[in-house]
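Hello,

Here is the structure I promised to hand over. Please open it, then read my notes below alongside it.

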Amino acid sequence: MKFTPIKDVKPGKVLAKPIYGYEGRVLLQDNVVLKQSYIDKIEALGYNGIYVKDPVTRDIKIKEVVPEEIKQASINIVKKSFQAIERHMSLSGEQIQNIKKGVNDLLREIMSDRSLVVDMVDLKRFDDYTFHHSVNVTILSIITGISMGLTHGDLFRLGLGALLHDVGKTRVPKKILNKPGKLNDEEFEIIKKHSQEGYDLLKEKEDIPPTSSTIALFHHEKVNGTGYPHGKKGEETHLFSQIVSVADVYDALISDRPYRKGFTPSEAMEYLLGCSGESFDREVVKHFFRKVAPYPTGTEVLLSDGRLAVVARNYEGLPFRPALRVFRDSHGREMEPYEIELCDPQHLSITFEPVDHKQKNDKLLQR
Ligand SMILES: [Fe+2]
């Protein structure tokens, strides 16, 4: 299967992964032949691309770190919990148990194959952003924690804090949270309060370990002390909040938002590397890189010699050296597909448009 940007999907293509609509309901099953009306509907839901069946990639399999049904169930748990907080200003014991069950379900799936790499383009919709984002941040944080050798108990506490890291956003007016444009200074100050608000909400719950609630407080701090709410330096925060900080920014960057287009995974990786040691802990970024593929399997890439290929496999610890299936020569001519391993010594690399970081406004990245 091949990941195809939605603008390039043509009627007649066969869907390779189901499409989910509101509340996580399956809107289109895999193997459906796409009509233009289906493609329009998928685009209207905010999907930036989909997986389709393709002769070049017929035998290429993509392993999900967490099955989509489990992920959707976790998204629904977060959604219900956040909505309950908006109504009652607090989390009930029953809701905390549901959230813990959601973390355990995610953890069990991720632990079932510790060598897995996050190797899929996340198919995102516009709606449910905060909830979907919370679950993605949890998966990315747990997988980074595994690479760092955390114990099962620590992975659970990390996952719980990651799932609830933005719980303070339930106290930010929706008008500001969903503003389709640049925030002014006053609005940004209000957004920034969500770290402290989230911590205040969680710290009084006996069922939530302090290391988990601390993640809500510190996830926007930076290792050089220029973050918020307290401008604490790396060593003054907690390893878990530094892991969540990297996962949070990465997932926010690769998401399309009403006020900007998302980065590609490789662009987001470049950003993380560029800020490593200043905004983010170097060690955390290094482990994140071991587990998250900048060129997910099934995506098209351009080689430095002009050949066009699809990523066939990724390897843990070799983020920029996947196996590729070449299908066009350097003159753009179609050819019988063949595989090359980028980890073999050769003067060849994947090329991509560099990110102009000056164009990226911090206030847009950090919401
Ligand atoms: Fe946040």
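Asn31 is exposed: 10 other C-beta atoms lie within 10 Å, and a residue counts as exposed at 12 or fewer. Keep in mind that this is a predicted model. Asn31 sits in the loop between strand 3 (26-28) and helix 1 (36-44). Its phi is positive, about 75 degrees, although Asn31 is not a glycine.

Now go to Pro11. This residue is in the loop between strand 1 (2-5) and strand 2 (19-20). Is Pro11 buried or exposed? Pro11 has 11 C-beta neighbours inside 10 Å, so it counts as exposed. Leaving aside neighbours within four places in sequence, Pro11 is in contact with Leu34, Lys35, Gln36 and Ile39. Val33 is 22 residues away along the chain, yet the C-alpha atoms of Pro11 and Val33 are separated by 7.7 Å.

Next, the domains. The domain assignment gives domain 1 (2-53), domain 2 (68-294) and domain 3 (300-351). The C-alpha centres of domain 1 and domain 3 lie 26 Å apart.

Helix 2 (residues 68-88) deserves a look. It has 21 residues and spans 30 Å from its first C-alpha to its last, close to the 30 Å expected at 1.5 Å a residue. Which residues of helix 2 are buried? They are Lys71, Ser74, Ile75, Ile77, Val78, Ser81 and Ile85. Seen down the axis of helix 2, these buried residues fall within an arc of 160 degrees, so they line one face of the helix. Their cover includes helix 3 (93-111), helix 4 (129-147) and helix 5 (152-163). The face turned away from the buried side carries the exposed residues Glu69, Gln83, Glu86, Arg87 and His88. After helix 2 comes Met89, with a positive phi near 65 degrees.

Then find the largest nonpolar core. It holds 85 residues, and Ile50, Ile139, Ile142, Val246, Tyr250 and Leu272 touch the most other members. Helix 10 (residues 239-253) gives the largest share of this core, nine residues. In soluble globular proteins, nonpolar side chains tend to be buried together. Take Leu272. Apart from neighbours within four places in sequence, Leu272 is in contact with Val246, Val249, Tyr250, Phe280, Val285 and Phe288.

One last stop: Pro229, in the loop between helix 9 (210-218) and helix 10. The peptide bond from Tyr228 to Pro229 is cis, with omega near 10 degrees.

Best wishes

Conventions
Residues are numbered from 1 along each chain as its sequence is written. This is a predicted model: local features need pLDDT of at least 70, side-chain atom pairs count only at pLDDT 80 or more; totals for chains, interfaces and linings use all residues. Helices (H or I, at least four residues) and strands (E, at least two) are DSSP runs, numbered from the N terminus. The expected span of a helix is 1.5 Å times one less than its number of residues. A residue is buried if 20 or more other C-beta atoms lie within 10 Å of its own, exposed if 12 or fewer, and partly exposed in between; C-beta atoms are placed from the backbone. The arc is that of the directions from the helix axis to the C-beta atoms. Two residues are in contact if their C-beta atoms, placed from the backbone, lie within 7 Å. Domain bounds come from an automatic or database domain assignment. A nonpolar core is a set of buried Ala, Val, Leu, Ile, Met, Phe, Trp, Tyr and Cys residues joined through C-beta atoms within 7 Å.
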